[in-house]
Amino acid sequence: VQLQAFGGGLVQAGGSLRLSCAAAGSIFDINRMGWFRQAPGKEREFVAATSWSGGITYYVDSVKGRFTISRDNAKNTVYLQMNSLTPEDTAVYYCAAGQVYCSGYGCYSAQNRYSYWGQGTEFTVSS
């Protein structure tokens, strides 16, 4: 499975941005996709995830109410709509995909549950 993320750039605080992640290859090998981010000088952290069916979503507390993960199965693409952005959202964002059979926030947010990773897309939120 190959993942390619799009949508980075520069945005002002309070603004919005949408990231896209297109999956190609053996997509039948995945049943979930997620977004992670790594801010400068920090470890990579979980942001949001969705089941491939879209019926299950999880978010880290810091983005709840501001970010929305969604998917378009016909396009094999997952989106991350980000609103009310703050400078603390500045990071390199990675999309990831995996096939695991576990449930709950702990399962969806664990990086080691994802076998496939995109190259990352960076954006900066200016204050």
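Modeller: Strands here are DSSP runs of E of at least two residues, numbered from the N terminus. This is a predicted model, in which local features need pLDDT of at least 70 and side-chain atom pairs count only at pLDDT 80 or more, while totals for chains, interfaces and linings use all residues. Residues are numbered from 1 along each chain as its sequence is written, and side-chain values use heavy atoms, with hydrogens and water left out.

Colleague: In what sense do β7 and β8 pair, and over how many bridges?

Modeller: Strands of a sheet pair through backbone hydrogen bonds, either parallel or antiparallel. Two strands count as paired if DSSP finds at least two bridges between them. Here β7 and β8 are antiparallel, with 6 bridges. Thr68 stands opposite Gln81 in β8, and Ile69 stands opposite Leu80.

Colleague: Which strand order does the open sheet have?

Modeller: The open sheet has 4 strands in the order β1-β3-β8-β7, with antiparallel pairing. Its edge strands are β1 and β7, each of which pairs on one side only. From one strand to the next, the twist averages 15 degrees, where axes are lines fitted to C-alpha atoms (for helices, over the stretch in contact) and angles run from 0 to 180 degrees between N-to-C directions. Between β3 and β8 there are 6 bridges in the antiparallel sense, and Leu19 stands opposite Leu80 in β8.

Colleague: Why is β8 described as largely enclosed by the rest of the structure?

Modeller: Burial is judged by relative accessible area: buried is under 20%, exposed over 50%, and partly exposed in between (1.4 Å probe, protein chains only). Because 5 of the 6 residues of β8 are buried, this strand is largely enclosed by the rest of the structure.

Colleague: Which residues of the largest nonpolar core touch the most other members?

Modeller: A nonpolar core is a set of buried Ala, Val, Leu, Ile, Met, Phe, Trp, Tyr and Cys residues joined through side-chain atoms within 4.5 Å. The largest has 37 residues, and Met33, Trp35, Leu80, Met82, Tyr93 and Phe123 touch the most other members. Among the strands that each supply at least two residues are β3 (17–24), β8 (77–82) and β11 (121–126); β9 gives the most, with 5 residues. Contact means heavy atoms within 4.5 Å. Not counting residues up to four places away in sequence, Phe123 touches residues including Leu19, Met82 and Tyr93.

Colleague: Is Arg66 buried or exposed?

Modeller: Arg66 counts as buried, because its relative accessibility is 16%. Its place is in the loop between β6 (57–59) and β7. Leaving aside neighbours within four places in sequence, its contacts include Gln81, Met82 and Asp89.

Colleague: How many disulfides does a search of the whole structure find?

Modeller: A disulfide is a covalent bond between the sulfur atoms of two cysteines. With the criterion of sulfur atoms within 2.5 Å, the search finds 2. Cys21 and Cys95 form one, with sulfur atoms 2.1 Å apart; Cys21 in β3 and Cys95 in β9 are 74 residues apart, and both are buried. Cys102 and Cys107 form a disulfide with sulfur atoms 1.6 Å apart. Its torsion about the S-S bond is about 45 degrees, so this disulfide is right-handed. Cys102 counts as partly exposed at 23% relative accessibility, whereas Cys107 is buried at 5%.
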